[in-house]
Amino acid sequence: MTIKTDLKGLTRRQLLSRGAAAGAGFVIGTNFVSGQDAAWATEMNALKPDTMATLIQMARDIYPHDKVADEFYAAAVKGYDVPDAVDDTEAGIEMLNGVARGKGYGSYLDIGWERDRVDILRSIEDSAFFQKIRGGLVTGLYNQKAVWPIFGYEGESYSQGGYINRGFDDITWIG
Amino acid sequence: MAAPFDKTDDSVVVIIGTGAGGGVLANELAQKGVSVVSLEAGGRYLPEDYVNDEWESFGQLAWLDPRTTSGDWRVSRDFSGLPAWIVKAVGGTTTHWAGASLRFQDHEWKAKTNYGAVQGANLLDWPIDAAEMAPYYEKAETKLGVTRTGDRTGLPGNNNFKVFEAGAKKLGYNDVHTGRMAINSSEYDGRMACQQTGFCFQGCKWGAKWSSAYTDIPRGEATGNLEVRDRCHVLRIEHGADGRVNGVVYMDKDGVEHKQVARVVCVAGNSIESPRILLNSATAMYPDGMANSSGQVGRNYMRHLTGSVYGIFDKPVKMWRGTTMAGIMQDEVRHDPARGFVGGYELETLGLGLPFMAAFLDPGGWGREFTTALDSYENMAGMWIVGEDMPQETNRVTLNMDVKDQFGMPVANVHYSDHANDRAMRDHAFGRGQAIYDAMGATRTLPTPPYPSTHNLGTNRMSENPRDGVVNRNGRTHDIENLFVSDGSQFTTGAAENPTLTIVALAIRQADHIAAELGRGNL
């Protein structure tokens, strides 16, 4: 993920001066999306910032892990921010927002409860767009090495000589 | 003449594939002084090349050429282009296999006799039996260094095994141990002991697990009688006016087509590619494909019924640590129709890394039911079901004439639907697996559907009568006397055991047969 150094480290007030707080906790600028705490930011190459923010929220709603910060979801969908993917992605998010408007919301990001967003996702889960986003997340989210420690997963152990002397049988709660 | 051999050298035996069947056969023949050319579609990777990262390793080793699927199995919906998780590399799927090395039970060689008529199943007895195979099993166990055979001790149990063992024993199961594994519990045959690293499926970086890639293949090459041509993808087998096969046409790594002439051809490309090659070798003389007068080439595809059970506990397990599959419960492997199905199943420990758990736990699943399970990944234990599935004529590998591979050849379509016996057995195994974890205080258990097939069997099956199958008791095709099948596609029935040990034993036995026939001037 591209993290613009001139955005990262800004205070929340400074960020808000450059963009508008939106939805569940993003700051959407003219050419970037960031966390409201400015812990992460991604500069847009091709997608509209609103579209990226919606995509990040959609990713979290598909695979919600309360322990996993937004930046990992942002990284998981950053691959759609390329010219080849723009048309399909913008159209898909517009479809999502269209369903939200049909239910009386201003947009997908305006919906306050996860269950209401998930209802909308269920209604489009057979669409090619949903399946592409969901399928991409399986590797895009869970194959990020930085995510693994959040789940306790240790990855490779060969470089440390395996677990032969490091707890392959260290379970303590078997009677 | 010593290797390398000339493409016009018609004294050579050509073997297609270098895995458990082809790789072992190549070495065994080379040791006997037979000239062998092995054609391998994949490249050469050795322990220093293996990558302990699930997706990166998958990209390095897996067979990813296009295939298609059909039938009611869930793999066809969830992984429509990936019916099988098998390897394209020198050493074939012996790089990826878990190492479980079990002999068939005696009754499993005669499934039709012992199970009786099963509606919709195309059961048949093997033309060979346990007594005939016993000495070859012993040779195979010695070659692979199988633990708990000979004087080799078992592997130590990891955390995942300890949960599994304790739960199974609470249910009253007795035949529970760390398996008969082709993974060294102490140094053996120049290979070191298991370091409990995990990643057995990604190629063993220590070489503690047997693979033909770094045992039989280099030993065969050292004799001067074996030439392995890697990145050489076979298109078809050719024959002469007399009907005998006379060579193999393949594409090399630069996309140049060659023909290696041959005295004998042995097909060992696994149960998907082997029938595909035979079907793609159709000619005016063999219009339905080579060795297919019975119409059985590609039919009776079996994959073991499989499935997994994961248990979530309130405390850590860390199932990824240690040997991936060193744990087995064999009390349910007997044939006992009182359970509502014929045949039996093994439960074996299994641990996947987080990336593969996400891909395989509930393919297509999403939302909090899915993610709360992964949130407890560290507290998960896992097991895999390996049970005998029924051969069915309609479960089969065919050519998909609408989809071509990178060489313009029709790809394999793999069609599979569960038999009622398969469903009954899987339901029983799910229930027992969940009970094992419940007995240990699981807060949640997850009966997980089958993954893309790792045990691909039966598409060129062995039969006494040429009408019933493709090859005879020696793996020699009924139709063409100098054409052999040397992999798991020979399997008449699948039994309940992980198949590699039996494939290796059959290859050692076939090498004896081919060498003897060459010596007698019959080939």
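1. Let me start with Asn300 of chain B, which counts as buried because its relative accessibility is 0%. You will find Asn300(B) in the loop between α8 (270-280) and β10 of chain B. Its backbone deserves a look too: the phi of Asn300(B) is near 60 degrees, a positive value in a residue other than glycine. For context, most residues other than glycine have a negative phi. Please keep in mind throughout that this is a predicted model.

2. Is Ala38(A) buried or exposed? Ala38(A) counts as buried because its relative accessibility is 6%, and the cut-off for buried is under 20%.

3. Now for chain A as a whole. Its secondary structure comes to 6 helices and 4 strands. Read from the N terminus, the elements run α-β-β-β-β-α-α-α-α-α. Of the 175 residues in chain A, 50% are buried. If you take the contacts in chain A between residues at least 6 apart in sequence, 55% of them join residues at least 24 apart.

4. Helix α2 (residues 49-62) and helix α4 (residues 83-102) of chain A have axes that come within 10 Å and cross at roughly 70 degrees. That angle makes α2(A) roughly perpendicular to α4(A), because angles of 65 to 115 degrees fall in that class. The crossing of α2(A) past α4(A) is left-handed.

5. Which residues of α2(A) and α4(A) meet? From α2(A) come Thr51(A), Thr54(A), Leu55(A) and Met58(A), and from α4(A) come Thr89(A), Glu90(A), Ile93(A), Leu96(A) and Asn97(A). By class, the residues of this contact are 4 nonpolar, 4 polar and 1 charged.

6. Helix α1 (residues 22-31) and helix α12 (residues 500-519) of chain B pack at an angle of about 35 degrees, and their axes are 8 Å apart. Here the crossing is right-handed. The contact of α1(B) with α12(B) has 9 nonpolar residues, 1 polar and 1 charged.

7. Next, an open sheet in chain B. Its 6 strands follow the order β4-β11-β12-β13-β10-β16, with antiparallel pairing. β4 (176-177) and β16 (444-448) of chain B are the edge strands, each pairing on one side only. Within this sheet, β12 (residues 345-349) and β13 (residues 380-387) of chain B pair in the antiparallel sense over 5 bridges. Tyr345(B) has Gly387(B) in β13(B) as its bridge partner.

8. What packs on this sheet? Helix α10 (residues 368-375) of chain B does, touching β10 (308-312), β13 and β16 of chain B, and its direction makes about 110 degrees with that of β16(B). Helix α11 (residues 420-439) of chain B packs on the sheet too, where it touches β10, β12, β13 and β16 of chain B; the direction of α11(B) makes about 155 degrees with that of β13(B).

9. Chain B also has an open sheet of 3 strands, in the order β6-β7-β8 and with antiparallel pairing. From one strand to the next, the twist averages 25 degrees. β6(B) is joined to β7 (residues 245-251) of chain B by 6 bridges, the two running antiparallel. Across from Arg236(B) stands Val249(B) in β7(B).

10. Finally, have a look at a parallel pair: β2 (residues 36-39) and β5 of chain B are joined by 4 bridges. Val36(B) has Leu226(B) in β5(B) as its bridge partner. Which way do the side chains of β5(B) point? In β5 (residues 226-229) of chain B, Leu226(B) and Val228(B) point one way, Glu227(B) and Arg229(B) point the other way, and all are buried.

Methods
Residues numbered from 1 in each chain as written. Chains lettered and ligands numbered in written order. Predicted model: local features only at pLDDT ≥ 70, side-chain atom pairs only at ≥ 80, totals over all residues. Heavy atoms only, no water. Axes fitted to C-alpha atoms, helices over the stretch in contact; angles between N-to-C directions. Parallel < 35°, antiparallel > 145°, perpendicular 65-115°, else oblique. Left-handed = near helix turned anticlockwise from the far one by under 90°. Contact = heavy atoms within 4.5 Å. Nonpolar A, V, L, I, M, F, W, Y, C, P; charged D, E, K, R; others polar. Pairing = 2+ DSSP bridges. Buried < 20%, exposed > 50% of the residue type's maximum accessible area, 1.4 Å probe, protein only.
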